[in-house]
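This report describes the fold and packing of a single protein chain. The sequence and coordinates are shown first.

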Amino acid sequence: MASPISTRNYGVLAAGQAVEAWTLTGRSGLLLEVITLGGIVTRLLAPGQDGRLDDVVLGFNDLESYLAGHPYFNAITGRVAGRIANAAFTLDGRTYQLARNDPPNHLHGGVEGLDKRIWHPSPVNRADGAPSLRLMYRSPDGEEGYPGNVDVAVTYTVTDNNVFLVETEATSDRTTPFSLTHHSYFNLAGEGSGTVSDHQIAIFADQFVPVDKYLTPLGRLESTKRHGNDFRETRRLSEAIPSLFQQHGYLYALPEHGKQERVVAARLEEDGSKRALTVSTTERYLQFYTGSHLNGTRPGKLGKAYAPFSGACLECHGYPDSSNAAFRKDTLLHPGETQRHSTAYAFSVKGNGAGTIDHTQQYGGKV
């Protein structure tokens, strides 16, 4: 019987650092491959109708393609995921200037955020025997303009019931904004199969954060009832995308819940494969992104270029704009504290009862 966790060489950076690929294989079929560069998930094989396995995340087949640049395909992003207004924030009377890598804003941790760092892997022995890998990194004081030495660990686990579990843990020696996310682009029909326009989505939130023309969060919550972005009832993306601002998607405020309780945030379904993906998280916000900025210029793993809407993102994290003092309190990491979060991506097959969620009963429910 093959080992549920294995490793291989994935390549070498120009500076001589080796990049490893680790494979986690669950007992029920879910298979994940992650590389130590950016914690990037290069493959995620999920069972569908009749047990068929398909790779349901976008990406590339080799290290060189990732190094050539990509839109955060399936990576750990931070120190702060999302956009910080005008690439600056003030903390304890001091203003910190950050890279304007998404002018006029700072995006996903900067020019060389955590998605471009080498993480140190260590297999985790879990009591349930599920394959699990802990990735560790120390972000030094001043990296990308942020204060404090931050020690961060991200653990990926593949469970017996086809859940991809992402757990984060961080400490700092100075107060600093800190909010990670996992940035997978999902296509439940399989990467390279076309767009996700025929997918159906439900997002269990009735408030969202409006943005300006630069997609900068505007620091207030509004009701989805007054806009075309209400997904509390399942909607097909082909019908919903034209009504979204810049066809991009929004940051949704999830129902209040305890810090260590995962709340059901969203569900994505695809009829052809019968796959369903249910997302639950301890985080306060869910960023839904339609993949609108994919431009079809680079081929993916099957050799097919990723056109707009080839994958959808369901990113769980804190409020991103740490320049906004009223909203940032949940994302400040203080000395002597440990920030912990977990997000579960649960795969099931529609019609077999496994992992199925009753939307009306589970809206805001804890899992």
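L31 faces L45 of β4 across the strand pairing. The strands concerned are β3 (residues 31-35) and β4, which pair in the antiparallel sense over four bridges; two strands are said to pair if DSSP finds at least two bridges between them. Strands here are DSSP runs of E with at least two residues, helices are runs of H or I with at least four residues, and both are numbered from the N terminus. Five residues separate β3 and β4 in a hairpin, and G38 in its turn has a positive phi of about 70 degrees.

On to the next strand: β4 and β5 (residues 53-55) run antiparallel and are joined by three bridges, with P47 having L53 in β5 as its bridge partner. This hairpin also has five residues between its strands, and D50 takes a positive phi near 60 degrees. Strand β4 (residues 41-47) is mostly covered, with six of its seven residues buried. Buried means under 20% relative accessible area, exposed over 50%, and partly exposed in between (1.4 Å probe, protein chains only).

## Basis of the model

The model is predicted: local features need pLDDT of at least 70 and side-chain atom pairs count only at pLDDT 80 or more, while totals for chains, interfaces and linings use all residues. Residues are numbered from 1 along each chain as its sequence is written, and side-chain values use heavy atoms, with hydrogens and water left out.

## Overall dimensions

The chain contains three helices and 28 strands. For 367 residues, a compact globule would have a radius of gyration near 21 Å, and the 19 Å of the chain agrees with this; the radius is taken over C-alpha atoms, and the globule rule is 2.2 Å times the number of residues to the power 0.38. Along its principal axes, the C-alpha trace spans about 60 × 55 × 45 Å.

Of the 367 residues, 58% count as buried. The accessible surface comes to about 14,500 Å², and 49% of it belongs to carbon and sulfur atoms; the areas come from the Shrake-Rupley method with a 1.4 Å probe, and for residues only the protein chains shown count as cover. Among contacts (heavy atoms within 4.5 Å) between residues at least 6 apart in sequence, 67% join residues at least 24 apart.

## Open sheets

Nine strands form an open sheet with antiparallel pairing, in the order β11-β12-β13-β14-β28-β24-β23-β18-β21. Its edge strands, β11 (120-123) and β21 (235-236), each pair on one side only. Within this sheet order, β14 (residues 163-172) and β28 (residues 339-349) pair in the antiparallel sense over eight bridges, and V166 stands opposite T343 of β28. V264 lies in strand β23 (residues 263-270) and is buried, with a relative accessible area of 1%. Although 79 residues separate V264 and T343 in sequence, their C-alpha atoms are 9.8 Å apart.

A further open sheet has six strands, in the order β17-β26-β25-β22-β19-β20, and its pairing is antiparallel. At the edges stand β17 and β20 (222-223), each with a single partner strand, so one side of each has no neighbour in the sheet. Two bridges link β19 (residues 207-209) to β20 in the antiparallel sense, and F208 has E222 in β20 as its bridge partner.

## Nonpolar cores

A nonpolar core is a set of buried Ala, Val, Leu, Ile, Met, Phe, Trp, Tyr and Cys residues joined through side-chain atoms within 4.5 Å. The largest has 56 residues, of which L44, Y156, F288 and F347 touch the most other members. Strand β13 (residues 150-158) supplies the largest share of this core, five residues. Another core, lying apart from it, has 19 residues, among them V19, A75, I118 and L294.

Leaving aside residues up to four places away in sequence, F288 touches residues including I201, F231, H248, Y252 and L314.

## Aromatic pairs

Rings of Phe, Tyr and Trp (its six-membered ring) pair if their centres lie within 6.5 Å; planes under 30 degrees apart count as stacked, over 60 as edge-to-face and the rest as tilted. This rule gives 17 aromatic pairs. In one of them, the rings of F73 and Y185 have centres 4.9 Å apart and planes at 85 degrees, so the pair is edge-to-face. The two residues are 112 apart in the chain: F73 is in the loop between α1 (63-67) and β6 (76-77), and Y185 in strand β17 (residues 185-186).

F73 is buried at 2% relative accessibility, and Y185 is buried with a relative accessible area of 2%. Both belong to one aromatic cluster formed by F60, Y66, F73, Y185, Y289 and Y306.
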